[in-house]
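Here is a short briefing on a protein model. Keep the sequence and the 3D view open as you read.

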Amino acid sequence: MPLITEQHLPAMQGVIPSTITTCSAAGEPNTTVITQVWYVDDHHVALSHQFFNKTRRNIAENPHVVAMISSPEDFSTYSLSLVYERTETEGPLFDEMDMKLEAIASMTGMSGIFKLLGADIYKVDSIEQIV
Amino acid sequence: MDIPKDCLEVFQNGFQRIGSANSDLRPSQSVAYGTLMNLKEGQITVFVQKEIAASLVVDCLSTGKAVIYANFGSHEAFQIKGKVLECRRITENELSESDKYRSQLMQPLPERNAILYDRIPDTAIKIQIEKIFDQTPGPNAGKHIL
């Protein structure tokens with residue numbers, strides 16, 4: 001049974017930035033914004049890896065992530081429990097995300113700052129509609 | 001506590017999220033409905049609605065660790081990390097602060113934004129601020145500012 005369905009897709013267009021919370025091995029949470037939660041298939045999403053930061057260090061220590069995404073159509077908001085699987089640094093998904101990220105960067109004055117280093121693939125454990 | 005003015009502004013008026021994690025290192029996150037800063041004591045109180053923040057409240061109570069992330073649409077963003085001091089019912093004064101915050105966020109698109117912000121928080125989470133980080137994308141991202 002698919003976990004990600006048509007109703008979730010508007011919230012994965014990158015119109016409204018998403019937020020993710022990770023947790024270090026020592027149990028310290030970290031929350032930050034992410035440009036887009038990208039639909040891969042009905043059980044997987046990809047997050048853009050743009051910086052070597054605390055989020056990356058936490059994922060290396062602990063693969064569990066929670067992401068919050070919102071639809072620009074009606075602001076319905078979902079909480080996704082994710083588990084990190086792998087990073088892709090080339091291929092169709094990477095190229096598509098790279099192109100979209102460049103477009104977002106150019107529209108938001110972030111050219112030269114947003115740069116895709118990898119497409120992090122996560123398995124979706126659960127999706128809960130918050131509002 | 002000497003918090004830069006731009007940082008205070010983001011925590012008072014920006015989009016806010018609160019995060020925590022349980023003892024199995026599973027993170028949790030919720031929308032926040034306003035904050036109240038006590039600079040003298042170095043504390044921030046965050047308002048949430050228990051119905052949509054159930055796991056987060058349980059995690060805050062069990063591990064005592066929380067983060068508050070806030071940003072403006074301009075990408076300016078900050079994160080506070082700290083120790084949870086208490087989770088309790090919101091007071092009348094705090095509710096009035098939350099009303100002001102939520103009205104301000106609903107103003108640009110009242111009908112659409114109402115789904116998220118026309119909700120009344122019932123829980124206040126008081127946190128002792130331990131660290132503050134600049135989260136604005138760019139050269140200062142991740143910089144420890146306090």
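Predicted model: local features only at pLDDT ≥ 70, side-chain atom pairs only at ≥ 80, totals over all residues.

Residues are numbered from 1 along each chain as its sequence is written, while chains are lettered from A and ligands numbered from 1 in the order in which they are written.

**Where the chains meet**

- 30 residues of chain A are in contact with 28 residues of chain B (contact: C-beta atoms, placed from the backbone, within 7 Å).
- On the chain A side, strand 1 (18-23), strand 2 (29-34), strand 5 (64-70) and strand 6 (77-88) each supply at least two residues. Helices (H or I, at least four residues) and strands (E, at least two) are DSSP runs, numbered from the N terminus.
- Strand 2 of chain A gives the largest share, 5 residues.
- This side of chain A has 13 nonpolar, 14 polar and 3 charged residues. Ala, Val, Leu, Ile, Met, Phe, Trp, Tyr, Cys and Pro count as nonpolar, Asp, Glu, Lys and Arg as charged, and the others, Gly among them, as polar.

**Strand 1 of chain B**

- Strand 1 (residues 15-21) of chain B is largely enclosed by the rest of the structure, because 6 of its 7 residues are buried. A residue is buried if 20 or more other C-beta atoms lie within 10 Å of its own, exposed if 12 or fewer, and partly exposed in between; C-beta atoms are placed from the backbone.
- Strand 1 of chain B runs antiparallel to strand 5 (residues 65-71) of chain B, joined by 5 bridges. Strands pair if DSSP finds at least two bridges between them.
- B:Gly19 has B:Val67 as its bridge partner in strand 5 of chain B.
- Strand 1 of chain B also pairs with strand 2 (residues 27-31) of chain B, antiparallel, over 5 bridges. Here B:Arg17 stands opposite B:Val31.

**Helices of chain B**

- B:Cys7, B:Val10 and B:Phe11 are buried in helix 1 (residues 5-13) of chain B.
- The face of helix 1 of chain B turned away from its buried side carries the exposed residues B:Lys5 and B:Asp6.
- Helix 3 (residues 92-106) and helix 4 (residues 110-117) of chain B pack at about 140 degrees, with axes 8 Å apart. Axes are lines fitted to C-alpha atoms, for helices over the stretch in contact, and angles run from 0 to 180 degrees between N-to-C directions.
- Residues in this contact include B:Leu105 of helix 3 of chain B and B:Tyr117 of helix 4 of chain B.

Key:
Contact = placed C-beta atoms within 7 Å.
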